[in-house]
Every structure is written in C-alpha cells, then in structure tokens.
Amino acid sequence: MKTVRCAIYTRKSSDEGLEQEFNSLDAQREACSAYIMSQTGEGWKLLPDRYDDGGLSGGTLERPALQRLLAEVKAGRVDI
C-alpha cells in the first residue's frame, strides 16, 4: 500500500486566546490528526511538521506557514 503523506494547516484570525496552553490551533490540529489516524488503513500518515498561522487573516495567501506548506506540496513532499 502506498503511503499518503499528510500535513495539517491551522489558522486563526486573531491573537486572542493563542497564549492559552490549549488553543484554537491545537483544537484544529487535534481534530485533523484524529481524521488522519482514522485513515491509517488507507495508508495515510501524519507528517511531523506544523503549519500554524495564528493571528493572520484568511483574506490573503501571504501567510508564512501556508507558504511553507505550499512549497512542500510543490516539492512533492506532501500528498494531502
């Protein structure tokens, strides 16, 4: 079975609450991780790198973590 390399991108528009030990970005990541784990039988594997943009608007693609993720996809290192 072919391994499907998965990455998780999280974003929150404001900085509010990001200082908390468990914040919105963590909750998003946890939910996505659970889904990826549910697809293990299909070869899905979560990559360890984090792609988190806290406090950045979704109205632009100029977000550092998003740009890093897009570069990884373009380089063929991320499948999903």
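The accessible surface of this protein chain comes to about 5300 Å², and 54% of it belongs to carbon and sulfur atoms; areas here come from the Shrake-Rupley method with a 1.4 Å probe, and for residues only the protein chains shown count as cover. Keep in mind that this is a predicted model, where local features need pLDDT of at least 70 and side-chain atom pairs count only at pLDDT 80 or more, while totals for chains, interfaces and linings use all residues. Residues are numbered from 1 along each chain as its sequence is written, and side-chain values use heavy atoms, with hydrogens and water left out.

**The overall picture**

- The chain has two helices and four strands, taking helices as DSSP runs of H or I with at least four residues and strands as E runs of at least two, numbered from the N terminus.
- Reading from the N terminus, the elements go β-β-α-β-β-α.
- The C-alpha trace spans about 40 × 25 × 20 Å along its principal axes.
- Of the 80 residues, 30% are buried, where buried means under 20% relative accessible area, exposed means over 50%, and partly exposed is in between (1.4 Å probe, protein chains only).
- Take the contacts between residues at least 6 apart in sequence: 65% of them join residues at least 24 apart, with contact meaning heavy atoms within 4.5 Å.
- On the charge side, the mean positions of the 11 positive and 13 negative charges sit 8 Å apart. Lys and Arg count as positive and Asp and Glu as negative, leaving out His and the chain ends; each charge is placed at NZ of Lys, CZ of Arg, CG of Asp or CD of Glu.

**What the record says**

- An unreviewed UniProt entry carries the annotation "domain: Resolvase/invertase-type recombinase catalytic" over residues 5-80. UniProt positions follow the numbering used here, feature names are shortened, and annotations may be inferred rather than shown by experiment.
- Over residues 5-80 the chain is 34% helix and 17% strand, and the end C-alpha atoms are 6 Å apart.

**Strands 2 and 4**

- Strand 2 and strand 4 run parallel, joined by four bridges; for two strands to pair, DSSP has to find at least two bridges between them.
- Lys12 stands opposite Gly54 in strand 4.
- In a regular strand, side chains alternate between the two faces of the sheet.
- Strand 2 has Thr10 and Lys12 on its covered face, and Tyr9 and Arg11 on the uncovered one.

- Ile36 lies in helix 1 and counts as buried because its relative accessibility is 7%.
- Beyond residues up to four places away in sequence, Ile36 touches Cys6, Ile8, Trp44, Lys45 and Leu46.
- Ile36 and Cys6 are 30 residues apart along the chain, yet their C-alpha atoms are separated by 7.5 Å.
- Ser33 is also part of helix 1 (residues 24-38), and its 18% relative accessibility is why Ser33 counts as buried.
- Ser33 is in contact with Ile8 and Leu46, leaving aside neighbours within four places in sequence.

**The loop between strand 2 and helix 1**

- Ser13 lies in this loop and is partly exposed, with a relative accessible area of 48%.
- Not counting residues up to four places away in sequence, Ser13 touches Gly55, Leu56, Ser57 and Gly58.
- From Ser13 to Asp52, 39 residues apart along the chain, the C-alpha separation is 11 Å.
- Glu16 sits in the loop too, and it counts as exposed because its relative accessibility is 65%.
- Glu16 and Gly54 are 38 residues apart in sequence and 9.2 Å apart in space, C-alpha to C-alpha.
- Leu18 is another loop residue, between strand 2 (9-12) and helix 1; at 22% relative accessibility, Leu18 counts as partly exposed.
- Leaving aside neighbours within four places in sequence, Leu18 is in contact with Lys12, Asn23, Leu25, Gly54 and Gly55.
- Leu18 and Met37 are 19 residues apart in sequence and 25 Å apart in space, C-alpha to C-alpha.
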